[in-house]
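This report describes the fold and packing of one protein model. Please consult the sequence and the structure shown here before reading on.

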Amino acid sequence: MSEPPNRYQIALVGNSCTGKTAIFCRLVHAEFHDRPTVGLDFKSYIYQHDQENIRLDILDTPGVHIFKDIIIDILVHFVGIVLVFDLTNRESFNELTWWLDIIKSRSPPNISLALAGNKSDLIDSREISRAEAEEFAQQHNMIYLETSAETGENIETIFQRLAQRILQQPHESS
């Protein structure tokens with residue numbers, strides 16, 4: 001596969017223990033890892049769209065508060081963000097507004113956003129309904145999918161849909 005002419009910076013953000021790293025590992029390694037991120041991790045994912053290779057350079061961020069200032073400072077460099085919350089944790093959903101305020105204040109105005117309601121495999125522990133999450137995503141012009149890093153459900157799909165939205169926006173590739 002030749003080096004793609006289009007490269008776009010994507011960040012995974014959200015509270016701790018929402019499954020950002022598990023999503024990241026499932027996407028780039030096709031493995032499930034259930035461990036928290038200690039620092040920043042960066043990997044690439046090649047997405048093919050209309051017979052053209054698009055490279056998504058993805059930054060996995062920790063959700064712990066001591067790293068929030070670093071995350072806030074680097075958001076200006078990204079054209080897409082996957083905001084992750086845990087379907088079994090109301091607090092992680094409630095914090096989405098804080099994350100969006102930060103994203104909107106620090107990111108380019110044409111940032112493409114996706115919302116991942118993660119841990120969809122934990123049906124019996126669910127605290128946020130699909131309808132509630134879909135309404136939130138619609139209010140903020142975000143793609144919404146429920147994901148499971150453990151089973152792989154919608155992991156590639158959410159990045160592919162975000163890539164399609166990025167391609168529709170006027171961005172400069174890296």
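## Terms and basis

A residue is called buried when its relative accessible area is under 20%, exposed when it is over 50%, and partly exposed in between, using a 1.4 Å probe and protein chains only. Helices (H or I, at least four residues) and strands (E, at least two) are DSSP runs, numbered from the N terminus.

The model is predicted: local features need pLDDT of at least 70 and side-chain atom pairs count only at pLDDT 80 or more, whereas totals for chains, interfaces and linings use all residues. Residues are numbered from 1 along each chain as its sequence is written, and side-chain values use heavy atoms, with hydrogens and water left out.

## The sheet

Six strands form an open sheet of mixed pairing, in the order S2-S3-S1-S4-S5-S6; two strands pair if DSSP finds at least two bridges between them. S2 and strand S6 (143–147) stand at the edges with a single partner strand each, so one side of each lacks a neighbour in the sheet. On average, neighbouring strands are turned by 25 degrees against each other, direction ignored. Axes here are lines fitted to C-alpha atoms, for helices over the stretch in contact, and angles run from 0 to 180 degrees between N-to-C directions.

Strand S3 (residues 52–60) is mostly covered, with 8 of its 9 residues buried. S3 runs parallel to strand S1 (residues 6–13), to which 7 bridges join it, and Tyr-8 has Leu-56 of S3 as its bridge partner.

Strand S5 (residues 112–118) pairs with S6 in the parallel sense over 5 bridges. Ala-114 stands opposite Ile-143 in S6.

## Helices against the sheet

Helix H1 (residues 20–29) lies across S1, S2, S3, strand S4 (80–86), S5 and S6, and runs at about 50 degrees to S2. Helix H6 (residues 155–168) also lies across S1, S2, S3, S4, S5 and S6, running at about 165 degrees to S5. Contact means heavy atoms within 4.5 Å.

In helix H5 (residues 130–139), Ala-133, Phe-136 and Ala-137 are buried. Seen down the axis of H5, the buried residues fall within an arc of 95 degrees, so they line one face of the helix; the arc is that of the directions from the helix axis to the C-beta atoms. These buried residues pack against S4, helix H3 (90–94), helix H4 (96–106), S5 and S6. On the other side of H5, Ala-131, Gln-138 and Gln-139 are exposed. Just after H5, Asn-141 takes a positive phi of about 55 degrees.

## Aromatic pairs and cysteines

The whole structure contains 4 aromatic pairs. Rings of Phe, Tyr and Trp (its six-membered ring) pair if their centres lie within 6.5 Å; planes under 30 degrees apart count as stacked, over 60 as edge-to-face and the rest as tilted. The ring centres of Phe-85 and Phe-93 are 5.1 Å apart and their planes stand at 65 degrees, so this pair is edge-to-face. Phe-85 is buried, at 0% relative accessible area, and Phe-93 is buried at 7%. Ring pairs link Phe-85, Phe-93, Phe-136 and Tyr-144 into a cluster.

The structure holds 0 disulfides, a disulfide being a pair of cysteine sulfur atoms within 2.5 Å. Cys-17 is exposed, with a relative accessible area of 61%, whereas Cys-25 is buried at 6%.
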